[in-house]
Amino acid sequence: MKKCIWRSITAATLIASVAAVAAFVRPAAAQDYPERDIQYIVQSGVGGGSDILARTLAKVLREENLTSARVLVENRPGGAGAIAYNYIAQQSGNPYILGGVGVSFFTTPLLGNSAINYKSFTPLAGIARSPYILAVRTGSPIDSIDYIKAHAGLRVGTAAAVSDPTLLANMLSQQTGAELRVVPFDGEGEVLTAMLGGHIDLVFGNPNEIIEQVKARALTPIAVTSKERIPALQDVPTFQELGVEIVHSQLRGVIMPPDQDPEVIRYWEDVLRRVAESDAWRTQYVDRFSEVPDFVGSEAFAAEMEKTNTLYDRMMRELKIIQ
């Protein structure tokens, strides 16, 4: 009998000891994280808005010593974002993979072209919002919404078959009666190249894609999709000022593969908060590209993702892109 009692006490002690060790090891492991380089997967080509955000983020992280690891940016364009996002989703539990939320993050699954959706990822934080600028090549005869309404068949470049520029082009057509032709490319960089080369007539681009070209006088802006004029383009009216009810911005945020350790989520949430609050981020990204600063933590970002998915679903149904 005594032997049985001793064994029970020993087993209980052993279980308690293992639990204590486990509780100790997990924070220790978190303290050691990250132990190697981080891979940041961009769903579009070099030079687009998502690429610029990723590379600026990696630069600020390095310059401000906000993480001990290097963040290495890798572009995996194709499939309207499906190639990159499928890769990220398949890395379940891998804390060394980051990705960014682009438009295709929502629209490609809604089109039925991907088995995964926004629920397939771990939201870390939202860090900014990007309005859109409608621009033309400098020297183009297109100089107003009235001109666009009067000339059928003008070509609008877009980074995928369905993207924000696609939706905005459809909204512009519906509200003004303009007959626009959407021309899809494989990434924002290709759209910009086609625009500068005279192969398309109009482009809807984020400030981080357009501003530098406007400063270089290669592109001329016509209108912006923000509620108010953006600081870098104070002489460019909003669509609402021109009598067109278009107000829209792109959500910018960072995700990870599913099934992440809560310690890892808290780590990146804190790091990204410090990025958003840094002078370097404001100077190199927010002010430089006239982005709208908008930091939200992991839980709030998850809610924003759901809200944004609902918005795209509604917009695409209203435009009869999906049924």
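F289 counts as buried, at 3% relative accessibility. The model is predicted. F289 belongs to helix α10 (residues 279–289), and Y285 and F289 form an aromatic pair.

**The Y285–F289 pair**
- Y285 and F289 sit edge-to-face, 5.8 Å centre to centre, with 65° between the planes.
- The two are 4 residues apart in α10, so about one helical turn separates them.
- Y285 also counts as buried, at 0% relative accessibility.

**Helix α8 against helix α10**
- The axes of α8 (residues 207–215) and α10 come within 9 Å and cross at roughly 75°.
- Angles of 65 to 115 degrees count as roughly perpendicular, and α8 and α10 therefore fall in that class.
- From α8, P207, N208, I211, E212 and K215 take part; they meet Y285, R288 and F289 in α10.
- The contact residues divide into 4 nonpolar, 1 polar and 3 charged.

**Other aromatic pairs**
- The whole structure holds 11 aromatic pairs.
- F204 and F239 are stacked, 6.2 Å centre to centre and 25° between the planes.
- F204 lies in strand β8 (residues 202–205) and F239 in the loop between β9 (219–224) and β10 (249–256), so this pair ties together parts 35 residues apart in sequence.
- F204 is buried at 3% relative accessible area, and F239 is buried at 0%.
- Y85, F105, F106, F121 and Y312 are linked by ring pairs into a cluster.

**The chain overall**
- The protein chain has 11 helices and 11 strands.
- Its C-alpha trace spans about 95 × 45 × 30 Å along the principal axes.
- Of its 323 residues, 52% count as buried.
- The chain exposes about 15,100 Å², and carbon and sulfur atoms supply 52% of that area.

Conventions
Residues are numbered from 1 along each chain as its sequence is written. This is a predicted model: local features need pLDDT of at least 70, side-chain atom pairs count only at pLDDT 80 or more; totals for chains, interfaces and linings use all residues. Side-chain values use heavy atoms; hydrogens and water are left out. Axes are lines fitted to C-alpha atoms, for helices over the stretch in contact, and angles run from 0 to 180 degrees between N-to-C directions. Angles under 35 degrees count as roughly parallel, over 145 as roughly antiparallel, 65 to 115 as roughly perpendicular and the rest as oblique. Contact means heavy atoms within 4.5 Å. Ala, Val, Leu, Ile, Met, Phe, Trp, Tyr, Cys and Pro count as nonpolar, Asp, Glu, Lys and Arg as charged, and the others, Gly among them, as polar. Buried means under 20% relative accessible area, exposed over 50%, partly exposed in between (1.4 Å probe, protein chains only). Accessible areas come from the Shrake-Rupley method with a 1.4 Å probe; for residues, only the protein chains shown count as cover. Rings of Phe, Tyr and Trp (its six-membered ring) pair if their centres lie within 6.5 Å; planes under 30 degrees apart count as stacked, over 60 as edge-to-face and the rest as tilted.
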